[in-house]
Amino acid sequence: MNLTDEEKAMLAGEMGEAKRWAIDHQIKVGGMFDAPDLVPVSQAHMMADPESLGEAGGDFLEDMVAKGARVAIPMITDPRGVDLNHYRPLGQSEEMATLERRMIAACEKMGILMTNTCVNYQTIMPPVLGDHVAYGDTGVVIYSNSICGARSNFEGGPSALAAGLTGRTPRYGLHLDENRQATRRFVVREQPKELTDWGVLGALVGKLAGSYWAVPVIEGLEVVPTSDEAKHMGAAMASFGSTPLFHMAGITPEAETLADVGADKLPVEEITKADLDALRAGFGAKGDKIDVVVFAAPQLSIVEMQALAAQCAGKTFKSAVIVCTSPQVYPDATRMGLIDVIEGTGAKVLEGTCFYNQYAREIGEANGWTRLLSNSAKIVNIISGYGYTPALASMERCVASAVAGEIV
Amino acid sequence: MTKELKCHKGIGEKVQGIALVADDNFSARYDLDRKKGVFSRPAHKLCGQSYHDKILVLNTSKGGVASAWMLHEMKSRNICPKAILFNTANTILAQGAALANLTMCDRFEDGDVTQLIQTGDEVIVDPEQGLVTVVNG
């Protein structure tokens with residue numbers, strides 16, 4: 001890999017042990033993907049929840065602090081695993097909270113901004129067209145690449161940290177023009193109507209594309225998705241397909257026309273109502289009992305919080321209901337009275353976490369939750385490995401089902 | 001009979017072990033019970049099987065960024081595969097392998113690695129050389 005003089009100094013340890021580790025890590029990863037050099041990035045974003053890191057990850061972060069690690073660029077964080085204001089009632093242990101506190105302390109010492117969000121593109125600082133970034137959440141990456149036209153690979157926690165420390169990332173994958181051209185072309189024959197429809201469309205495209213290295217382009221959409229709709233679509237696509245980038249012809253910034261992304265000559269694959277219904281059919285049916293209803297994955301925007309509150313008003317839930325939003329949205333939603341309305345039903349709004357990365361297995365066992373209903377196509381894909389049977393329905397049907405205790 | 005399979009240069013150290021193979025994908029978050037060291041996602045073709053000390057051979061890596069930290073955490077408790085071979089790795093698994101010093105290779109010249117290697121085969125993985133040797137017999 002071609003290194004600048006500054007990068008060579010980092011590798012030689014002249015800029016401290018933490019930076020030496022970081023650039024060595026980047027060279028190893030870049031080597032596997034034939035990166036010619038490193039590219040400067042404007043922001044890094046790290047997933048670092050205690051369930052994923054474990055004691056080993058906590059020790060690693062503290063060791064980095066001891067080695068003088070300090071981020072060189074603005075660096076933010078993905079949702080945490082423990083809402084420190086509400087963990088015992090969820091069945092989370094003091095050990096989990098202690099590990100969470102250790103990680104927060106270590107990150108703060110490195111100069112990381114504890115934003116604890118997977119909707120930073122709605123609440124913190126969205127990247128711009130052509131912006132090279134190192135983001136560490138698949139939903140964040142696919143939205144930033146596709147909707148904003150930024151350039152990021154999926155950066156797992158260690159690599160996001162390395163990028164924060166060096167201010168660079170290896171130039172491979174989606175940092176290169178040639179990997180942003182479309183490889184599959186889908187025509188939509190059924191228009192999505194609400195958030196979950198967009199999620200299901202994303203899920204199906206992801207499933208069909210099926211690889212990190214496939215880039216779908218979607219045509220035939222008669223409406224421009226809102227940010228929340230594109231968020232659900234992208235998050236589901238990334239989850240089902242490991243897909244980091246998609247284009248929507250005439251909508252997203254790199255695909256004003258099909259030819260812009262080299263898609264005009266690709267064979268056309270149709271997505272019909274039957275295809276979308278078949279995907280939904282795998283996730284629950286009317287009359288199925290439910291233990292917990294989850295609104296999360298991604299965290300809810302203030303607009304989703306308002307929509308949810310409007311549907312919750314005056315209702316009482318028979319099922320447990322968990323809502324996850326960001327620490328940026330939460331105080332706004334409190335001030336506007338939305339949290340009170342939502343929690344008036346018996347639901348609980350958590351701040352700065354996401355359901356699936358907050359020890360989902362353990363809280364399921366502690367609360368006797370196995371049958372989970374959500375309006376998120378992403379979470380129903382993830383959660384079965386944690387011992388849940390997932391079901392999918394629109395926000396409206398999720399609310400009605402929470403009242404009834406079964407899918408309506 | 002020995003069979004040599006060329007692949008792309010990978011990550012980690014040279015290792016030897018027994019293969020566990022499926023024409024399926026991999027995510028540490030979605031597919032595993034990491035405490036027990038088994039595949040736990042009901043829809044996964046290896047559901048219920050232990051991955052401990054195995055050379056896992058799978059199609060591609062799926063899903064979330066958490067897998068990078070998770071490989072490191074699994075390695076720290078020594079309930080971990082010895083190596084993972086993919087047709088195509090995604091970036092997260094490669095990053096996790098780099099942190100955990102777990103052996104990982106992908107992109108095999110002779111085609112679908114989940115067909116080229118069978119469960120139970122004894123396999124040597126040399127990521128530096130980009131070479132996987134099947135030493136049955």
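Modeller: One term before we start: a residue is exposed when its relative accessible area is over 50%, buried when that area is under 20%, and partly exposed in between. Also, keep in mind that this is a predicted model.

Biologist: Fine. Is K35(B) buried or exposed, then?
Modeller: K35(B) is exposed, because its relative accessible area is 60%.

Biologist: Which residue does K35(B) meet in a salt bridge?
Modeller: E362(A), with N to O at 2.9 Å. The pair joins two chains, since E362(A) lies in helix α14 (residues 360-367) of chain A and K35(B) in the loop between β3 and β4 (38-39) of chain B. E362(A) itself is buried, at 18% relative accessible area.

Biologist: How many salt bridges are there between chain B and chain A?
Modeller: Six. R29(B) and E51(A) form a salt bridge too, at 3.4 Å from N to O.

Biologist: Which elements of chain B give two or more residues to the side that touches chain A?
Modeller: α1 (28-31), β3 (32-33), α2 (66-76), α3 (91-100) and β7 (103-105) of chain B. The most comes from α2(B), with seven residues.

Biologist: And how do the residues on that side divide into nonpolar, polar and charged?
Modeller: On the side of chain B that touches chain A, 16 are nonpolar, 13 polar and 10 charged.

Biologist: How many residues does each chain bring to the contact?
Modeller: Chain B brings 39 residues and chain A brings 49 residues. The area buried between them is about 3,300 Å². Carbon and sulfur atoms give 60% of that area.

Biologist: How many residue pairs are in polar contact across the interface?
Modeller: The rule finds 21, counting pairs with both residues at pLDDT 80 or more. Take N90(B): its side chain is joined to that of S242(A) by a polar contact of 3.0 Å. N90(B) sits in the loop between β6 (83-88) and α3 of chain B. Its relative accessibility is 0%, so N90(B) counts as buried.

Biologist: Back to charges. What does E73(B) pair with?
Modeller: R77(B), in a salt bridge of 2.7 Å from N to O. E73(B) is buried, at 10% relative accessible area, whereas R77(B) is partly exposed at 32%. Salt bridges with shared partners join D49(A), E51(A), R29(B), R34(B), E73(B) and R77(B) into one network.

Biologist: How many salt bridges over all chains?
Modeller: The count comes to 38. One of them is R280(A) with D197(A), whose closest N and O atoms are 2.4 Å apart. That pair links distant parts of the chain: R280(A) is in helix α10 (residues 273-281) and D197(A) in helix α8 (residues 195-209), 83 residues apart. R280(A) is partly exposed at 28%, and D197(A) is buried at 17%.

Biologist: New topic. How many disulfides does the structure hold?
Modeller: Zero, over all chains.

Biologist: Last one. What does the side chain of S301(A) have a polar contact with?
Modeller: The side chain of D228(A), at 2.8 Å. S301(A) is in the loop between β9 (292-300) and α11 (302-312) of chain A. At 7% relative accessibility, S301(A) counts as buried. Leaving out residues up to four places away in sequence, S301(A) touches Q122(A), D228(A), K231(A) and V329(A).

Technical notes. Residues are numbered from 1 along each chain as its sequence is written. Chains are lettered from A and ligands numbered from 1 in the order in which they are written. This is a predicted model: local features need pLDDT of at least 70, side-chain atom pairs count only at pLDDT 80 or more; totals for chains, interfaces and linings use all residues. Side-chain values use heavy atoms; hydrogens and water are left out. Contact means heavy atoms within 4.5 Å. Buried area is the accessible area (1.4 Å probe) that two parts lose on being put together, summed over both. A salt bridge is a side-chain nitrogen of Lys or Arg within 4 Å of a carboxyl oxygen of Asp or Glu. A polar contact is a pair of N or O atoms within 3.5 Å; within protein, one must be able to donate a hydrogen and the other to accept it, and residues adjacent in sequence count only if both atoms are side-chain atoms. Helices (H or I, at least four residues) and strands (E, at least two) are DSSP runs, numbered from the N terminus. Ala, Val, Leu, Ile, Met, Phe, Trp, Tyr, Cys and Pro count as nonpolar, Asp, Glu, Lys and Arg as charged, and the others, Gly among them, as polar. Buried means under 20% relative accessible area, exposed over 50%, partly exposed in between (1.4 Å probe, protein chains only). A disulfide is a pair of cysteine sulfur atoms within 2.5 Å.
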